[in-house]
Amino acid sequence: MEEKNRTGYPSIDRPWLKYYTDEAIHAPLPEGSMYDYMTACNAGRMDETALNYFGRKITHRQMQAEIDRCARALIACGVKAGDVVSLCLLAVPEAVYLLYAVNKLGAVANFLVLNATTQVLHEQIVSTNSNVVITVDLAEKQIREAVKDLGAEHVISLSLAQSMPPVAAAIYRLKAKPAPTALTPWSEFIEAGKRVDPAYPTAEKERAAVIEYTGGTTGKDKGVVISNGAANAVAFQYVTATGVLDVRPGQRLLEILPPFLAYGIFFGIHTAICARLEDVLCPDPAPAKFPDLFVRFKPNHFSGGPLHIDAMMRDRRIRKMNLDFLYTAAYGGDGMSAEWELAATQFLKEHHAPH
């Protein structure tokens with residue numbers, strides 16, 4: 001649209017279209033479920049890396065097998081299309097498996113806010129009529145309290161060490177000193193699925209796929225229902241945009257945001273996998289951990305908050321690095337001044353980040 005014809009209303013002018021080719025603008029949006037789109041994007045890449053967890057690389061073939069195992073286990077718990085499964089998870093491979101397994105069944109993944117109060121967790125489970133709740137071990141105590149007297153039949157606990165390489169898993173268990181769980185162990189949950197003969201419903205673009213919660217800055221936090229079509233449209237726009245992201249198959253994305261944040265799910269997991277990136281999953285989102293992860297994995301893309309950028313700019317190792325491999329440093333979620341943003345941009349520029 002010519003400048004003189006602009007109205008000043010983004011919803012009318014749609015200035016973002018300048019980043020897309022005519023082919024991308026007129027291309028039909030993906031049909032079907034999140035699972036369908038993710039699978040279609042990676043056809044023919046089954047032996048390439050999908051996930052990286054503490055250095056352990058998981059191929060698409062292995063990931064699909066785990067998704068199917070989780071789907072069978074959920075069916076054994078009675079989950080069917082339209083049901084809501086509550087997930088209190090961090091950025092671990094099982095979060096990815098469960099997201100797509102729930103989606104493959106036509107059910108809805110309700111991502112509980114792990115650091116919420118017990119009362120809030122209780123309300124997030126009750127309001128969605130969840131009969132299946134799956135939590136990481138770090139949140140087991142809160143979840144036990146949240147589901148008390150609810151009658152939820154299946155409450156499952158998952159260790160962060162479940163998919164770690166042996167050495168990392170041993171170190172985690174030594175430090176965490178986990179007590180015997182009072183909930184159903186992950187291994188028992190998966191074992192029950194071995195006796196299931198699955199049948200999957202026809203995918204629907206407009207079917208609800210995920211529930212994410214707002215931050216409550218304008219009052220009480222609210223559950224937002226996102227459809228398959230909306231989730232796929234987000235991934236599609238990132239994959240097809242030009243001049244904003246330089247996304248190439250095989251590049252590496254560092255996913256440090258937890259899945260109970262919408263950006264963690266839709267950019268850090270779904271977009272990353274649909275864009276055929278190697279998705280490096282990091283369960284600890286603490287900014288203090290970020291520099292070590294950045295130096296170790298040298299990601300081509302990452303998303304985080306201003307505190308992650310602060311930690312990166314202060315780190316002596318990163319200050320000496322050439323960042324010509326870093327195409328995307330996406331940050332937001334917290335307030336930032338114009339001066340701070342200028343300093344962050346200047347830091348990236350001085351260290352030769354491409355954009």
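Modeller: Ser227 counts as buried because its relative accessibility is 16%, below the 20% cut-off. The value comes from a predicted model, as do the others that follow. Ser227 belongs to strand 9, which covers residues 223-227. Once neighbours within four places in sequence are set aside, the contacts of Ser227 are Lys205, Glu206, Arg207, Ala208 and Ala209.

A contrast is Gly78, in the loop between helix 4 and strand 3 (84-88). Its relative accessibility is 45%, so Gly78 counts as partly exposed.

Now the helices. In helix 3 (residues 34-41), the buried residues are Met34, Tyr35, Tyr37, Met38 and Cys41. Viewed along the axis, they fall within an arc of 165°, so they line one face of helix 3. The partners of the buried residues of helix 3 are helix 4 (60-76), helix 5 (93-104), strand 8 (208-213), helix 10 (228-240) and helix 11 (262-274).

Helix 9 (residues 186-193) can be read in the same manner. Trp186, Phe189, Ile190 and Gly193 are its buried residues. They cover an arc of only 90° around the axis, which puts them on the same side of helix 9. They pack against helix 4, helix 5, strand 5 (132-136), strand 6 (154-158) and strand 7 (184-185).

One of those partners, helix 4, can be described in more detail. The axes of helix 4 and helix 9 come within 7 Å and cross at roughly 85°, and the two helices are therefore roughly perpendicular. Helix 4 contributes Arg69, Cys70, Arg72, Ala73, Leu74 and Ala76 to the contact, and helix 9 contributes Trp186, Phe189, Ile190, Ala192 and Gly193. By class, the contact of helix 4 with helix 9 has eight nonpolar, one polar and two charged residues.

Two further pairs involve helix 13 (residues 306-314). With helix 12 (residues 290-297), helix 13 packs at an angle of about 65°, and the axes are 9 Å apart. Angles from 65 to 115 degrees count as roughly perpendicular, so helix 12 is placed in that class relative to helix 13. The crossing of helix 12 and helix 13 is right-handed. Phe290, Pro291 and Phe294 of helix 12 meet His308, Ala311 and Met312 of helix 13. That contact has five nonpolar, one polar and no charged residues.

With helix 15 (residues 338-350), helix 13 packs at about 50°, and the axes are 11 Å apart. The pair is therefore oblique. Here the crossing is left-handed. Helix 13 uses Pro306, Ile309, Asp310, Met312 and Met313, and helix 15 uses Trp340, Ala343, Ala344, Phe347 and Leu348. The class count for this contact is nine nonpolar, no polar and one charged residues.

How values were computed
Residues numbered from 1 in each chain as written. Predicted model: local features only at pLDDT ≥ 70, side-chain atom pairs only at ≥ 80, totals over all residues. Heavy atoms only, no water. Axes fitted to C-alpha atoms, helices over the stretch in contact; angles between N-to-C directions. Helix = DSSP H or I, 4+ residues; strand = E, 2+ residues; numbered from the N terminus. Parallel < 35°, antiparallel > 145°, perpendicular 65-115°, else oblique. Left-handed = near helix turned anticlockwise from the far one by under 90°. Contact = heavy atoms within 4.5 Å. Nonpolar A, V, L, I, M, F, W, Y, C, P; charged D, E, K, R; others polar. Buried < 20%, exposed > 50% of the residue type's maximum accessible area, 1.4 Å probe, protein only. Arc of directions from axis to C-beta.
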